[in-house]
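Open the model in your viewer and keep the sequence panel beside it. We will go from stop to stop, selecting a few residues each time.

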Amino acid sequence: MKHERVLVLDFGGQYNQLIARRVREQNVYCDLMPSDMGLEKIREYAPAGIIFTGGPNSVYEAGAPDIDEKIFELGIPILGICYGCQLIAHKLGGRVSHADTREYGKSEISYGKSKLFDGVSSENVCWMSHTDYVSEVPDGFRVSAKTKTCPAAAFEDEERKIYGIQFHTEVHHTLEGDKILHNFLYRVCNVSGDWTMSNFVEEQTRLLKEKLAGKKVLCALSGGVDSAVAAALVYRAAGENLTCVFVDHGLLRKGEAEEVVSVFRDDMGMNLIKSDARERFLTKLKGVSEPEQKRKIIGEEFIKVFETEAKKIGAVDFLVQGTIYPDVIESGKGASAVIKSHHNVGGLPSVVDFKEIVEPLRDLFKDEVRKVGKELGLPDSVVQRQPFPGPGLAIRIMGEVTEEKLKTLRDADFIMREEIARAGLDREIWQYFAVITSTSTVGVMGDARTYEPVIALRAVTSVDAMTADWAHIPYEVLEKISNRIINEVDHANRIVYDITSKPPATIEWE
Ligand code: XMP
């Protein structure tokens, strides 16, 4: 079935994926494509509407991303956000001016009459991030919103269905931003909203049934959301013909390996091969302290173990990969390109004997993958799992990885997860975990001296892991976590909280 589609043209702003996600949240399929995709391809794509995203440039800068003016003659509704709105003004004969200071943050805004602002309170708050602004709108346009600093915070030509807004509807700080986007999609582009995850599951199941009928399918389960949902979806279509392989490298968090077996084999009844490689990984990591070397060893070992298991199964027709839409976008080729199998499980395809790759989630954002997982009956502990690095706890133990440190880390990390969830913060915080540092300090417990490695707690908020802020967890919650770890976990005598953002730090410690 062909869905209604909106085209989000990417001018390089940091919220561009967020814009696309917000469109999808309104039950409208969209693709994020490079701004230079060309008129011909845009015509072929036949979007119900086009959104120009923000971007870091000034329209006057040499080499700033441009757009073919003919796009305004296609009769397709256009919404320009931030740089996108400045580009509309610039191309159609308005004026863009340069302010002395950058406006960043919340602004009071007055919305006038416009389809975009139907049902939206006229005196409102929006979120701005810009230096240039539209000082004169092009002929045929009228101003539909103002702020103190922006005489044309929004402008439009209703007849031609061209709309510009200086503020960012996609950011939650713009109150009623969702409604404004909804108005653009449903009142200007006249979409009906045919993109839902239950439809997706039905359609994909049907397509996969046709594609995989009578074929042998193999999937590597990692414990992560993407491979779990991909496997569950393919299982719906392939049933018995699907075999999943789970390599337990012993570097997962407390309870995770057991959960993979319990969910997929016991509850869902899938063919699951679990390879217990804990000893093997620990032996290989003995004496290794250097983070990149740990990563390399784990990656290589993983492939070897998987290869051995896959050989036992023999040749298969399809290999399932949990590639998701951001991987596709980041490969820089846009949605229509053929994407190679380089994602997720590094290097796997070359060692497995298969004919074709199947990537059932390649059109979905992470939040959509989670919804699909829910539709398929996977538990919250699987679909809401926070991002977790492939090398697992090995890069959260500074220095050599030992069984003892793994146990301490698992126990401390488990308490942190429990308390964050109890405080209702688990959905707000992007990642939260414990780290065992390589510094030991003196403590006193029950009159006796102790000397143990410092345990650090790390929690960050983020949109995409490219940048992150340390999470402002309430003191009481931190206190509870610290007390419990000290009281309940062996080898814990000092807990610290990491208050660094990314950059300059990274999310993980190694
Ligand atoms: P950093 O530490 O670079 O992490 O700020 C950004 C995101 O990537 C995850 N991460 C990894 N994921 N293999 C992975 O699959 C790795 O080696 C790895 N290192 C970091 C990290 O958890 C965060 O979400």
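**Stop 1**

Helices (H or I, at least four residues) and strands (E, at least two) are DSSP runs, numbered from the N terminus. This is a predicted model, in which local features need pLDDT of at least 70 and side-chain atom pairs count only at pLDDT 80 or more, while totals for chains, interfaces and linings use all residues. Residues are numbered from 1 along each chain as its sequence is written, and side-chain values use heavy atoms, with hydrogens and water left out.

Now select residues 16–25, which form α1; seven of its ten residues are buried, so the helix is mostly covered (buried means under 20% relative accessible area, exposed over 50%, partly exposed in between, with a 1.4 Å probe and protein chains only). Color the buried ones: Asn16, Leu18, Ile19, Ala20, Arg22, Val23 and Arg24.

**Stop 2: an annotated loop**

Next, select Ser222, Gly223, Gly224, Val225, Asp226, Ser227 and Ala228, which UniProt lists as "binding site" in an unreviewed entry. UniProt positions are given in the numbering used here, feature names are shortened, and annotations may be inferred rather than shown by experiment.

Zoom in on Ser222, in the loop between β10 (217–221) and α6 (225–238). Is Ser222 buried, exposed or partly exposed? Ser222 has a relative accessible area of 38%, so it is partly exposed. Leaving aside residues up to four places away in sequence, Ser222 touches Ser227, Phe246 and Leu252 (contact means heavy atoms within 4.5 Å).

Gly224 sits in the loop between β10 and α6 as well, and counts as buried because its relative accessibility is 12%. Draw a distance from the backbone nitrogen of Gly224 to a polar atom of the Ser222 side chain: 3.0 Å. A polar contact is a pair of N or O atoms within 3.5 Å; within protein, one must be able to donate a hydrogen and the other to accept it, and residues adjacent in sequence count only if both atoms are side-chain atoms.

**Stop 3: the ligand**

Select the ligand and show the residues around it: Arg295, Pro387, Pro389, Gly390, Pro391, Gln431, Ala465, Lys502, Thr506, Ile507 and Glu508 (each has a heavy atom within 4 Å of it). On Lys502, an N or O atom in the side chain is 2.7 Å from an oxygen atom of the ligand. On Ile507, a polar backbone atom is 2.7 Å from a ligand oxygen. The ligand taken alone exposes 500 Å², and the protein buries 69% of that (Shrake-Rupley method, 1.4 Å probe).

Stay with Lys502: a cis peptide bond joins it to Pro503, with omega about -15 degrees. Another cis peptide bond links Pro503 and Pro504, with omega about 15 degrees. Pro503 is in the segment after β18 (495–497).

**Stop 4: two loop residues**

Finish with Lys161, in the loop between β8 (154–157) and β9 (162–165). Lys161 has a positive phi of about 60 degrees although it is not a glycine, and at 31% relative accessibility it counts as partly exposed. Then jump to Asp447, in the loop between β15 (431–445) and β16 (448–462). Asp447 is not a glycine, yet its phi is positive, about 70 degrees. Its relative accessible area is 81%, so Asp447 is exposed.
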